[in-house]
Amino acid sequence: MTLALAALAANAAFPAYAAEEPTPRITVSGEGEAAAAPDMALVSVTVLREGDTARAALDANNAAMSDVLAAMKAFGIAEKDLQTSGFSIQPRYVYADPNKGETFEPKITGYSVYNTLGVRVRDLARVGEVLDQSVTLGVNQGGNITFVKDDTSAVMEEARKKAVENAIAKAKTITSTAGIGIGRILDMSEQIFQPGPIPMMQADMAVMKSAGAPSVPVATGENSYRVTVNVTFELKQ
């Protein structure tokens with residue numbers, strides 16, 4: 001067999017295929033948002049105590065925080081909803097004043113102990129009472145409140161449906177204007193945006209204690225949940 005005939009035979013055995021053209025497609029994003037009233041408050045309170053020694057400051061802090069924990073449990077807050085979220089012992093320094101001709105190294109004059117407690121309050125009507133009682137028992141820092149929804153599955157499902165509907169509507173508008181149609185979905189992904197605290201409050205515990213407020217006023221508002229979907233459709237020409 002000649003070289004030319006061998007080449008023809010090889011081409012017959014392995015026919016050349018034309019490269020497949022990519023499927024015409026369009027990718028659009030859709031957004032969906034749903035709102036829900038919160039049903040739980042996340043409260044962060046801190047007990048700060050100072051002493052001449054670390055031991056003295058810690059003992060004073062322990063006594064105050066024990067009273068706060070006992071009060072929280074008396075309010076009906078479960079153990080699982082109480083969590084220490086921060087603890088520190090910090091020295092307090094006095095520094096030299098060059099204007100007075102002082103040149104000594106910084107000196108420790110005492111210690112500060114911080115103990116921060118995170119509390120989940122599931123009865124929103126009692127948030128003000130919880131804060132007020134905390135201050136009465138010695139909480140003097142913090143007061144951050146975040147209102148959240150314990151189970152977000154229903155509101156997130158609503159946001160997802162709106163996002164997909166929005167994406168489909170966008171694709172139909174674009175393609176119909178161009179005189180073409182959309183086919184099957186080739187790809188889909190989502191992004192979830194959790195809400196920020198609405199509202200978020202930080203109480204001045206020292207002011208509250210001196211004012212003797214009977215109960216801290218709070219407003220729960222609503223939280224918005226947003227979902228973005230990216231959908232790729234096949235184009236029909």
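Predicted model: local features only at pLDDT ≥ 70, side-chain atom pairs only at ≥ 80, totals over all residues.
Ile108 has 44% relative accessibility, so the residue counts as partly exposed. Ile108 sits in strand S4, which covers residues 107–121.

Ile108 also belongs to a nonpolar surface patch with Tyr93 and Tyr95. Together the three residues present about 340 Å² of accessible area.

## Helix H2

Helix H2 runs over residues 54–74. Its 21 residues should span 30 Å at 1.5 Å a residue, and the end C-alpha atoms are 30 Å apart, which agrees. Just after H2, Gly76 adopts a positive phi of about 90°.

The buried residues of H2 are Ala57, Leu58, Asn61, Ala64, Met65, Val68, Ala71 and Met72. Viewed down the helix axis, they fall within an arc of 150°, so they line one face of H2. An α-helix has 3.6 residues a turn, so residues three or four places apart point the same way.

What does this face pack against? The buried residues of H2 pack against strands S2 (40–51), S3 (82–94) and S4, and against helix H3 (127–136). S4 is also the strand that holds Ile108.

## The whole chain

The chain has 5 helices and 8 strands. Along the sequence they follow the pattern α-β-β-α-β-β-α-β-α-β-β-α-β.

Of the 237 residues, 30% are buried. The accessible surface of the chain is about 14,300 Å², and carbon and sulfur atoms contribute 53% of that area. Among contacts with a separation of 6 or more, 84% join residues 24 or more positions apart.

Note on methods: Residues numbered from 1 in each chain as written. Heavy atoms only, no water. Helix = DSSP H or I, 4+ residues; strand = E, 2+ residues; numbered from the N terminus. Buried < 20%, exposed > 50% of the residue type's maximum accessible area, 1.4 Å probe, protein only. Contact = heavy atoms within 4.5 Å. Areas by Shrake-Rupley, 256 points an atom, 1.4 Å probe, with all protein chains shown as cover. Patch = residues over 30% accessible without salt bridge, like charges linked within 9 Å, V, L, I, M, F, W, Y side chains within 5 Å. Salt bridge = Lys/Arg side-chain N within 4 Å of Asp/Glu carboxyl O. Expected span 1.5 Å × (residues − 1). Arc of directions from axis to C-beta.
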